[in-house]
Amino acid sequence: MKNSQLYKGSLNTIIMKLLEEKGRMYGYEITQKVKEITKGDLHITEGALYPALHKLEAEGLLEVEVERVDNRLRKYYKLTEKGTTETVNRLAELEDFIKNMQSIVNPKLSY
Amino acid sequence: MSITTANIAHIENYLKSNGVIFDDLRIELVDHISSAVEFEMAKQNLGFHQTFSKYVIENKSEFLNPNEPNNKWNFMLALKTFFKFLINKNVIIVALLLFIVFQRNYFELIKEYSSSIQLYAVIALIVFSLGWIAFFNGIFKKRFFALENNFNVMIIFFGIFNLARVLTVPQSVLAVNLTLIYGIITVLFIWFIGNTTYKYYNKNKQLYTA
């Protein structure tokens, strides 16, 4: 993950947004999807991803399905009902943040 | 391109020997590394061991961090989970009933046998803890971060509570009530750990049987 507090602070929202779109995903799939969307610019490491997923799970925002795939176990994450509601709130908050930052950093573009 | 069962075992053993001791965390890393290695093997047309070694060199510092960083957060979360359990309607009713019944009918008895009750509570906790550890380490031979985190926090919580109880004047009303509360919390603690372990088992049956 890029060494920036801005990215780190948005990791949970990024995960939740992806899960909202895809329904359910496993860890490696999330990292690859982010890499693909950002054209390789944003790389989420294992050290950042899994603690974030576990935290969201412990908060009741995600739930887990374990399946055996290709001779190994795979944990799929999906949003809970509470998680779906929270995703809407967090995305709205993030959009608001981006809009405000845009107004400060580049006022011309914000009109 | 799928890697073989022997390759998966190789990854698992590598992680185990490098200190990833918890099964719930290791299972995810095994799948993550296996997926990454498979992708690179297909892309670069390389063998498993060559690709795996390359992956380890490039990413070791990321996946070999000590089992779950941010211990402060994990501690707070486990404590929050326990307090959430304590404010559950059924738990409150049971705790209140126990307190009222014992306070009204056995106050003098508790006062007289205060030190024995405290000793029994400690023995009950030790027996439960040893049983719990033997169950996961001896029978299942699997350790789960999610469960041990709760368990460790509760032990610390009891240590602090015990200290508060010891600091009160012996034989005082407060000391007797604290002894009673201590006994009730011991029951609730065993209930909490049993309940969370059972729920975790139901949600992650495949992790136990893998």
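**Note on a predicted two-chain model**

1. In chain A, Ala52(A) touches Leu11(A), Asn12(A) and Ile15(A), when residues up to four places away in sequence are left out of the count. The model under discussion is predicted, and the points below should be read with that in mind. Ala52(A) also belongs to the largest nonpolar core, which has 17 residues; together with Ile15(A), Leu49(A), Leu53(A), Leu56(A) and Leu62(A), Ala52(A) is among the members that touch the most others. Helix 1 (5–22), helix 2 (27–37), helix 3 (46–58) and strand 3 (72–79) of chain A each contribute at least two residues to this core. Another core, of 11 residues, lies apart from it, and its members include Tyr28(A), Ile11(B), Ile27(B) and Phe52(B). As general background, nonpolar side chains in soluble globular proteins tend to be buried together.

2. The architecture of chain A is as follows. Four helices and three strands make up its secondary structure, and their order from the N terminus is α-β-α-α-β-β-α. The C-alpha trace of chain A spans about 55 × 30 × 20 Å along its principal axes. Of the 111 residues in chain A, 25% are buried. Among contacts in chain A with a separation of 6 or more, 46% join residues 24 or more positions apart.

3. Is Arg24(A) counted as buried or partly exposed? Arg24(A) has 14 C-beta neighbours inside 10 Å and therefore counts as partly exposed, since burial requires 20 or more and exposure 12 or fewer. Beyond its neighbours within four places in sequence, Arg24(A) is in contact with Leu19(A), Glu65(A), Tyr76(A), Tyr77(A) and Lys78(A). Its C-alpha atom is separated by 15 Å from that of Lys82(A), a residue 58 residues apart from Arg24(A) along the chain.

4. The loop between strand 2 (62–69) and strand 3 of chain A holds Asp70(A), and Asn71(A) has its place in the loop between these strands as well. Asp70(A) is a residue other than glycine with a positive phi, near 50°. For Asn71(A), likewise not a glycine, phi is positive at about 65°. By way of background, most residues other than glycine have a negative phi. Asp70(A) is partly exposed because 14 other C-beta atoms lie within 10 Å. Asn71(A) counts as partly exposed because it has 14 C-beta neighbours inside 10 Å.

5. Turning to the interface, 18 residues of chain A are in contact with 24 residues of chain B. On the chain B side, helix 1 (5–17), helix 2 (23–44), helix 3 (48–63) and helix 9 (205–209) each supply at least two residues. Which helix of chain B supplies the largest share of the side that touches chain A? That share, nine residues, comes from helix 2 of chain B. By class, this side of chain B comprises 10 nonpolar, nine polar and five charged residues. For the complex, the predictor gives an ipTM of 0.86 and a pTM of 0.76.

6. Chain B is divided into domain 1 (5–63) and domain 2 (71–209). The C-alpha centres of the two domains of chain B lie 39 Å apart. Six residues from domain 1 of chain B and six residues from domain 2 of chain B take part in the contact between them. On the side of domain 1 of chain B that touches domain 2 of chain B, four residues are nonpolar, two are charged and no residue is polar.

7. Within helix 8 of chain B, the buried residues are Val176(B), Leu178(B), Thr179(B), Leu180(B), Thr186(B), Phe189(B) and Phe192(B).

8. The average pLDDT of chain B is 81, and 90% of its residues score at least 70.

Notes: Residues numbered from 1 in each chain as written. Chains lettered and ligands numbered in written order. Predicted model: local features only at pLDDT ≥ 70, side-chain atom pairs only at ≥ 80, totals over all residues. Contact = placed C-beta atoms within 7 Å. Nonpolar A, V, L, I, M, F, W, Y, C, P; charged D, E, K, R; others polar. Domains from an automatic or database assignment. Core = buried A, V, L, I, M, F, W, Y, C linked by C-beta atoms within 7 Å. pLDDT = per-residue confidence, 0-100.
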